[in-house]
Amino acid sequence: MSSAAFVRLSHFIRTKMQMQHVYQPVMLRTLIEKGGSASVEEIAAELLANDRAQLSYYREIVRRYPGPVLASHGIVRREGDRYLLDGFADLESSERADLLTACRERLQSYLSSREDPWRHRRRGTRPVSGTKRYEVLKRASFRCELCGVSAEDKALEVDHIEPSNHGGSDDIENLQALCYSCNASKRDRDNTDFRGLRHHYELRDQGCTFCILPPARIVADKSLAVVIRDLYPVTEGHTLIIPKRHVASYFELRQPEINAITALIGSQRQHLVDADPSILSFNIGVNDGPEAGQTIAHCHVHLIPRRRGDMEDPRGGVRGVIPEKQKY
């Protein structure tokens, strides 16, 4: 006859356990294998062993670093997806044991000589919540935002665009999805000076119309950008999305500001359509520089709702910035 503990656990594992990841069965398996008790470290090690994303990351590490280096010294050779240790068959068992000891000693010497040997995997990062991680991955369509590779082909990491240890915020606009290869390259090669970053985003010009907006005009607000309705609308609902920082050109925006503006364009488009079903299309545009018609030297994006019949022939759209070129 089965024990009460077996019946309870079997029923939970086979029937009641709701899984969003591998965590629960791996933890239970570890506890059973360890005799009913396991440390957090032991459970974490088992979770790591079952993490395909981490496995993919270290597979790439093998191919990039120790594999080619050891091959260049004639120590190993590669055949397809396997590495072979040259001369292994000639080693006596005592010699193999001695070599294993030497490897362990070199590893221990390396680890003990460094305060944090894994700092390169943590540098400039803070934990990203699951909710934000999902939203960033969804925004990126589950592809690396640099090289475009799919999450199905390479594990994606959600990390800060502007490092947190240099003042970069945890706002979703300052997060991006990169495959492990691109994220590693960014860390190694990005030498941008981020000193004074917080003050950079706080730059305002008291003589600028868009820097001193009355609170009553603001209809939506993100940490780096705001939304107002145009005082001289082209159509009803004509909306402006404006970075808070005093910056004249769209091309001078930082990526987190572009992310904030893009998010507000999307949310305002939905708000306008929900409020007015007659809105069927939109024009989105930026006047960048006096020659392009910019009259306020503070970057702003126009979101202009369009309705059927609001002009006789709308073909050409934004080409109408030069009227005689609108139709072709």
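Mentor: Strands are DSSP runs (E) of at least two residues and helices are runs (H or I) of at least four, both numbered from the N terminus. This is a predicted model, where local features need pLDDT of at least 70 and side-chain atom pairs count only at pLDDT 80 or more, while totals for chains, interfaces and linings use all residues. Residues are numbered from 1 along each chain as its sequence is written, and side-chain values use heavy atoms, leaving out hydrogens and water.

Trainee: At what angle do helix α2 and helix α3 pack?

Mentor: Helix α2 covers residues 23–33 and helix α3 residues 40–49, and their axes (lines fitted to C-alpha atoms over the stretch in contact) lie 9 Å apart. Angles run from 0 to 180 degrees between N-to-C directions, and here the helices pack at about 125°.

Trainee: Which residues of α3 make the contact with α2?

Mentor: Contact means heavy atoms within 4.5 Å. On the α2 side it is made by Tyr23, Val26, Met27, Arg29 and Thr30. Facing them, the residues of α3 are Glu42, Ile43, Glu46 and Leu47.

Trainee: How many residues of this contact of α2 with α3 are charged?

Mentor: Asp, Glu, Lys and Arg count as charged, Ala, Val, Leu, Ile, Met, Phe, Trp, Tyr, Cys and Pro as nonpolar, and the others, Gly among them, as polar. Five residues of the contact are nonpolar and one is polar, and the number that are charged is three.
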